[in-house]
Amino acid sequence: MPAPITVVIPTLNAAAELPRCLEALMEGLAEGLIRELVISDGGSDDATLQLAEEAGAELVSGAASRGGQLRRGCAAARGEWLLVLHADTQLAQGWAAAVATHLQAGAGDVGQPGYFQLKFRTKGAWPAWVAGWANFRARVFGLPYGDQGLLIPRAVYVSAGEYPDQPLMEDVALVRRLTGLTALPITALTSAARYQRDGWLRRGAGNLWTLLRYFLGAEPDKLARDYQK
């Protein structure tokens, strides 16, 4: 029986971060969980494509739009489950055992989607507070962001309408259509670069304002332009 999971990673000039993400996935190979790796690239001009080739990934290319990249990457998947990760996120040691347990719990059923516990790869009160809010938002409101990772049965993903081809809030658009989201007991360690560049309070407040604007009907293209400023 083929391994159950296709890992899907969207990339755009991710050469500095991708190796750590891929290294953390190795235990999933050892446990027989990972069937294939799909890298969905948005036009990288650094060493990202070379790294993908060296990792034996299936490479999918297209326009730079995270929602579109994820939609194309997931469409290329053959596994029964999708593990969607950002290139600057790495799963903590022990993730394979936790995921195997989650898959076994859904044996005989389609299975429930799950996400990981966010933690930034830096220490301090602000990183802990922002990560704590993100995990609270995911647990209470059912809104994990993409940097927390998403483990989802491919059949559930398709029935939920797949990722929309939009540059921002594609993760929120998908998870709002899911039921039974489960918090997996494993940490997803992610980059704090944007927060460190913009300031933790400013970036955190900006993210919350972006989410509110999205709920109020703002266009994702407009939100993406503002987010990049």
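Visitor: Why is arginine 121 called partly exposed?

Guide: Arginine 121 has 28% relative accessibility, and partly exposed is the class between buried (under 20% relative accessible area) and exposed (over 50%), with a 1.4 Å probe and protein chains only. So 28% makes arginine 121 partly exposed. Keep in mind that this is a predicted model, where local features need pLDDT of at least 70, side-chain atom pairs count only at pLDDT 80 or more, and totals for chains, interfaces and linings use all residues. Residues are numbered from 1 along each chain as its sequence is written, and side-chain values use heavy atoms, leaving out hydrogens and water.

Visitor: And what makes arginine 121 and glutamate 17 a salt bridge?

Guide: The term asks for a side-chain nitrogen of Lys or Arg within 4 Å of a carboxyl oxygen of Asp or Glu. Here the closest N and O atoms are 2.7 Å apart, so the pair qualifies. Arg20 joins Glu17 and Arg121 in a network of salt bridges.

Visitor: Why is glutamate 17 called buried?

Guide: Its relative accessibility is 19%, so glutamate 17 counts as buried.

Visitor: How do you know that aspartate 198 and arginine 203 form a salt bridge?

Guide: Their closest N and O atoms are 2.4 Å apart, so they meet the cut-off too. Both ends are buried: aspartate 198 has a relative accessible area of 16%, and arginine 203 has 7% relative accessibility.
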